[in-house]
Amino acid sequence: MALCAAAAICLAGCSGQQEGAADTNKKTENADENSSAGDSQEQQHEPVTLHYYHNPADGGANESMIEMFMEEYPWITVERVEYPSDTTQKKTVLSTVFQSQDDSIDVMQLDCTWPAEFTQAGWLADLSDVYTEEEMADFISGIVDTGRGSDGNLYALPVYINTGALLYRKDLLEKYGFSGPAKTYDELIAQSKTVMEGEAKEGKRIAGYTSAWKEYEGLTCQALGFMWSYGAEFEKDGICTLNSPEAAKGLQTMRDMVEQGITDPGIRGYKWTDSQAIFNNGGALYMVDWPSAYNSAVNPENSTVSDVVGMTVVPGGTSAEASYSANGGWYLGVSAFSSHPEEAKLLARFATGYEANINYALKHSNLPARISCYDDERIKTEQPQMAEMKEAAATCKSRPASPYYSEISAEIFGTAAQIIDGNVDAQTGVSQMTERIQDILDR
């Protein structure tokens, strides 16, 4: 098996009977009846082994999902292979195997920026027949097209989304008379100034805002969110449309937050874990991160402010309704070189089904890719803060889908960094960035 040495192999080792061949969106029904159906299916099929590559440190979400899958399809054994923690290394693992057209990968989780590149390379199987058009309507509309190829067919299915979330200190907002978290960036700046000044009078140093603004992919996500929230669009009919007053205003707002001292002084060097450390230690009023950061922030073992943290949608730019952020979620693909494509599609359908979405949400606080899941009573009861993110889920946008995404991203985070640091004015920056991105799109 041509596995990269960085990947740690972990075998999923249980099987049983649960639902027979029922739709994966359905919940478990009569156990005895389903057990008989499973036994019947096992007798009708030859044993098959699939290899499933997925993210590590997922709270056991993939392990439990696979256990449920093997209960429903007892003739299929799934061997789980955990990726390295670094996203670049994950991509290297897949690329190494795919380039040799090896069949040791059947199903894999894909970062939302990979499908276009992998599809163009011919590495992903067509999944257009996994769901009907009616069934696909339950997926959040803004994220589905990321999985489509240039031919319009579907090559990757959404597993979960990872839209931006605004974490905040409830105690400080209450202390200074604010009724709730900021709805716009102007309001965030105003609240931050009040809190920072008030705390400073008591000898306490606190930032108004922290996030991942290091010159890397995290900054691309943040920059796109700011530009979208002020009305910018990335492209139309193959033409990059970022050269606009709206995009310039979004990036200028980021610059203003630095100039006015609202952001943490070290923000330009922070990745996600760095800003989490600042917030969890009481160093900031607000933090924009992925929703999974909430689990860490409310865990007393990780956070000194665990009992006073709230989470809501990111602020809007022009208005509270203009709240947009970049999807940082993950998709599921089937290898074009799989020796068991039909069984692999069964797993792809199961792993993106309703119950799997609920499982990812409850186990690891991953936002469901299906809009109906946000109204599930289990979500409302066990992850109430997630139910409140339904609005954010509905308005999250996908990052540009392109085989040359890494180059486009570098242009976005590079330009954002130049503007934030004051090395170029916002309008000039977006003009030059748009020209360079258009050159990439014209390929």
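User: To start, how many helices and strands does the protein chain have?
Analyst: The model is a predicted one. The secondary structure of its protein chain comes to 19 helices and 13 strands.

User: And what radius of gyration does the protein chain have, against what a compact globule would have?
Analyst: The protein chain has a radius of gyration of 23 Å. A compact globule with 443 residues would have a value near 22 Å, so the two agree. Along the principal axes, the C-alpha atoms fill a box of roughly 75 × 50 × 40 Å.

User: What percentage of the residues is buried?
Analyst: Buried residues make up 57% of the 443 residues in the protein chain. As for contacts with a separation of 6 or more, 73% of them are between residues 24 or more positions apart.

User: Turning to pockets, how much space lies in the largest pocket?
Analyst: The largest pocket holds about 1400 Å³ of space. It is lined by 42 residues, and those closest to its centre are S85, T87, K90, W272 and W290.

User: Which helices each supply at least two residues of that lining?
Analyst: They are α3 (87-99), α9 (217-229), α11 (272-280), α12 (293-297) and α18 (405-420). The largest share, five residues, comes from α18.

User: How does the lining of the largest pocket divide into nonpolar, polar and charged?
Analyst: There are 15 nonpolar, 17 polar and ten charged residues in the lining of the largest pocket.

User: How much space lies in the second largest pocket, then?
Analyst: The second largest pocket has about 440 Å³ of space. Of its 17 lining residues, F234, E235, R399, P400 and A401 are the closest to the centre. By class, this lining has nine nonpolar, three polar and five charged residues.

User: Which residues line the largest cavity?
Analyst: The lining consists of G164, Y185, C221, Q222, G225, F226, V288, W290, V314, Y324, S325 and A326. Helix α9 gives the largest share, four residues. By class, the cavity lining has eight nonpolar and four polar residues, with no charged ones. W290 is also among the residues closest to the centre of the largest pocket.

User: Now cysteines. How many disulfides does the structure hold?
Analyst: The structure holds zero disulfides. For C112, the nearest cysteine sulfur is that of C221, 7.0 Å away. C373 is in no disulfide either, and the nearest cysteine sulfur to it, that of C396, is 14 Å away.

User: Are those two buried or exposed?
Analyst: C112 is buried, with a relative accessible area of 8%. C373 counts as buried because its relative accessibility is 0%, and the cut-off for buried is under 20%.

User: What about E199, where is its place?
Analyst: E199 is in helix α8 (residues 185-201). At 5% relative accessibility, E199 counts as buried.

User: Which residues does E199 touch?
Analyst: Leaving aside residues up to four places away in sequence, E199 touches L172, K175, Y176, K204 and I206.

User: And where is W75 found?
Analyst: W75 lies in the loop between α2 (61-72) and β3 (76-82). With a relative accessibility of 6%, W75 counts as buried.

User: How far apart are W75 and T92, in sequence and in space?
Analyst: W75 and T92 are 17 residues apart in sequence, and their C-alpha atoms are 31 Å apart in space.

User: Which are the buried residues of α14?
Analyst: They are Y354, E355, A356, N357, I358, N359, Y360 and A361.

User: And what residue follows α14?
Analyst: S365 follows α14, and the phi of S365 is positive, near 60°.

How values were computed. Residues numbered from 1 in each chain as written. Predicted model: local features only at pLDDT ≥ 70, side-chain atom pairs only at ≥ 80, totals over all residues. Heavy atoms only, no water. 1 Å grid on protein atoms, 1.4 Å probe; cavity = no way out; pocket = protein on both sides within 12 Å on 5 of 7 lines; lining within 4 Å. Points joined across faces, edges and corners; volume = space filled by probe spheres on them. Nonpolar A, V, L, I, M, F, W, Y, C, P; charged D, E, K, R; others polar. Buried < 20%, exposed > 50% of the residue type's maximum accessible area, 1.4 Å probe, protein only. Contact = heavy atoms within 4.5 Å. Disulfide = S-S within 2.5 Å. Rg over C-alpha atoms; globule rule 2.2 N^0.38 Å.
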